Amino acid sequence: MGARKLIARFTLLRINKIGFGLVMLVFVTIGLTVGALREGANHTDFLRQAFPQVDRFKPLGNDVYSIHTSTSPKESHRYTAWAASDGYAGPLKVALQTDSTGRITRILFIEQHETPSYFQRVQDQGLFETLVGSNILESGTVSKNFDAVSGATRTSTAFLDAAQKAGGKIAATVFKRDAPQSQRPHLYIGIPEIIVLALFAAAFAGMHTPSRMARRIRWLSLLLGLLVLGFAFNRPLNLVFINRLLMGYWPAWQSHLYWYLLAGAIILVAFINGRNPYCTWICPFGAMQECLGLVGGAKFRIPKRAHRSLQWLQKGLALGAVTLGLFFRNPSLSSYEIFGTLFDFIGSAFQFCLLALVMITALFVPRPWCNTLCPIRPLINLVRSLATRLKMVFRRS
Amino acid sequence: MSATAWIWFVMGALSIVILLSAHVWMQDFGIRMNWWKWTLMVIWYGFLNFTLALPMTLVGEGESFAALRIFFLLVVVAVILGVGFWRLIAAGRKPSSR
């Protein structure tokens, strides 16, 4: 092998190990900065877009506005307010319009970052229409006709919460009623939280046991992950949560304990032994692919050179997806994973086609999604590499 | 005879030809068939027919998008079942002397 080739290979190796982290850091910083600058829009601009027939919004304080049209320029018979709640993929802002008696005449989203297919499901269920006609001054009427949309529970309940908050603002500011006290999020510990901790404990134990025993524990862990974190609760780690954290949309830990446990456990194990237990031992989608590999044999191995190129593609996709999400300040915008498509049967036509392709390929190739397209593995590897480097720095110091 | 009846007639004839041919194919592959292997094969063949028939019915009802989704789902299941059944049927096969 010539010297030039050796140098090229060595450079590529260094770029592979160190450069991806640096490139990621630069892109994340640029995306965050540009995204933050783009987000500086005024809420009255959103309201103007939402209610184009309105001539003037007179602020009454507490995000409440009286509406003035050309037919009644001095006197207002309608009021509007906006409020935010914590949706699946970040803050979800709702504008509410009432008449002079407190009856809701119109309601709409002014800002949302939800996954498009889930948001579409909420819209298709006619959630807006169920609240129109309710009176914000009669306690409980806003939520009386409301049913959370199955499969998009967090989006629909966040919508109701934001609508109730906006109604409360109008009731307090215009009608001088007591504004409802905003409830503190409840600490929720359920089956997914317990299972994810148990799986990480099993993975950690399995990493330090003899190989035959470890293999059994791994299969048990994978199957439990597939059934509980996959089909029962649809909670695989995804880009939406990672983008949310990077953007600063940190959800309340009480209501999102599962995600914090998951992220915390990955970081902790990365610091302790520098390994990635999630992809190999827990990921429900990885488990699904391994099950398909058992059915089909999965004996085909990707040639080394092609595998290396595909790894670069995977890193590029992860980098592009994160940067795009940050640039547009929308955590779910670039989330192209097909986990929800498999476990909830919700997704775009593209995602369904991709899922079909991945599932069929998984019969013959071991874990094709994990090795070529999944954006989670490069991001976890980045955390591992950062953790290892930090440990080295601490040891030296 | 109406066009629909002709289609059913042709499909039935094709099914018999396919199942009879399967016997010869299996001999060519060196696979000794028994009752459970034939059962698996018939189940899969029935599922394959269902995979084609259900989306066609949905298209006829004017539900093209639903037909496409169901078709993709059923094709994937059919392929997975096909590969799995084939591995079971072909397990321990000996190359044919023919």
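Here is a short exchange about a predicted model.

Colleague: Why is Ala53(B) called exposed?

Modeller: Ala53(B) has 12 C-beta neighbours inside 10 Å. The cut-off for exposed is 12 or fewer. Ala53(B) therefore counts as exposed. Its place is in helix H2 (residues 35–60) of chain B.

Colleague: What makes E3(A) and E4(A) a pair of strands?

Modeller: Pairing needs at least two bridges. Strand E3 (residues 78–87) of chain A and E4(A) are joined by 10 bridges, and they run antiparallel. One bridge partner of Ala81(A) in E4(A) is Leu96(A). A hairpin through 2 residues links E3(A) to E4(A).

Colleague: What makes E4(A) and E5(A) a pair?

Modeller: The cut-off is again at least two bridges. Here 6 bridges join E4(A) to strand E5 (residues 104–111) of chain A, also antiparallel. Ala95(A) stands opposite Leu108(A) in E5(A). This hairpin has 4 residues between its strands, and Gly102(A) in the turn has a positive phi of about 95°.

Colleague: Why is strand E4 of chain A called mostly covered?

Modeller: Buried takes 20 or more other C-beta atoms within 10 Å. In E4 (residues 90–99), 8 of the 10 residues are buried.

Colleague: Which residues touch the most other members of the largest nonpolar core?

Modeller: Among its 86 residues, they are Val94(A), Leu96(A), Ala162(A), Ala166(A) and Ile170(A). Helix H10 (residues 257–273) of chain A gives the most to this core, with 8 residues.

Colleague: How do you know that Ile170(A) is in contact with Leu96(A)?

Modeller: Contact needs C-beta atoms within 7 Å. Beyond four places in sequence, the contacts of Ile170(A) include Leu96(A), Ala81(A) and Val64(A).

How values were computed: Residues are numbered from 1 along each chain as its sequence is written. Chains are lettered from A and ligands numbered from 1 in the order in which they are written. This is a predicted model: local features need pLDDT of at least 70, side-chain atom pairs count only at pLDDT 80 or more; totals for chains, interfaces and linings use all residues. A nonpolar core is a set of buried Ala, Val, Leu, Ile, Met, Phe, Trp, Tyr and Cys residues joined through C-beta atoms within 7 Å. Two residues are in contact if their C-beta atoms, placed from the backbone, lie within 7 Å.
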